[in-house]
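Trainee: Could we go through this structure together? I would like to start with accessibility and then turn to charged pairs.
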Amino acid sequence: MARRTAALINALDDDCPDPAEVAEVLRAYGETDPIDLTTRDVAGMRASAALLREVFAAETTDGAAAALNRLLQEHTGPLRLTSHGGSTPWHPHLDPDDDAPWDEWLLASSCMALTVLVWDRQRPPGRICSSLSCRNVFITQGSGPERHYCSRRCATRERVAAHRRARSAEQSGQTE
């Protein structure tokens, strides 16, 4: 669920995300058809994604927890269990009902997933890519050194750019 959250935040970051592309992200993370998103649905989801981005922007666990607590207080309902009328196994929901609009579902289910990560790992659940040319969010995984980039591609691009800047500075220093 947390990876789905990151993927949706990234897909919804465009100025006018295509509903069909957003539906494909939902399918890729287990949502079943029919997924009939309208432009209005996607606009609402985009607003929810912008709110969720604040959690990924948090530098500290306390900051991530404060952002999540604010979102939970202002935008979700009480915790409840649902089986969607017996069509799925029982699972928790924070949205008001099983037929909540997509934006409410995205915000509530994402808050739940990110809250569990903060609780389980005692650190921010993810980050925003450090590359100046990328706005993607990503979930931090496991132990080891802290990740700063959403992908190897972004990390490599930044490493190459830093190398070129250093080399250019060396060359300009040699010509003086």
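Trainee: Is glutamate 24 buried, partly exposed or exposed?

Mentor: A word on the source: this is a predicted model, where local features need pLDDT of at least 70, side-chain atom pairs count only at pLDDT 80 or more, and totals for chains, interfaces and linings use all residues. Residues are numbered from 1 along each chain as its sequence is written, and side-chain values use heavy atoms, with hydrogens and water left out. Buried means under 20% relative accessible area, exposed over 50%, and partly exposed in between (1.4 Å probe, protein chains only). Glutamate 24 has 46% relative accessibility, so the class is partly exposed.

Trainee: Which side chain does glutamate 24 meet in a salt bridge?

Mentor: A salt bridge is a side-chain nitrogen of Lys or Arg within 4 Å of a carboxyl oxygen of Asp or Glu. Here the N to O distance is 2.9 Å, and the partner of glutamate 24 is arginine 27.

Trainee: How many residues apart are arginine 27 and glutamate 24 in helix H2?

Mentor: Helices are DSSP runs (H or I, at least four residues), as are strands (E, at least two), numbered from the N terminus. Arginine 27 and glutamate 24 are separated by about one helical turn in H2, because their spacing is three residues.

Trainee: How far apart in sequence are the parts that aspartate 13 and arginine 53 tie together?

Mentor: Their side chains meet in a salt bridge at 3.5 Å, N to O. Aspartate 13 lies in the loop between helix H1 and helix H2, and arginine 53 in helix H3, so the parts tied together are apart in sequence by 40 residues.
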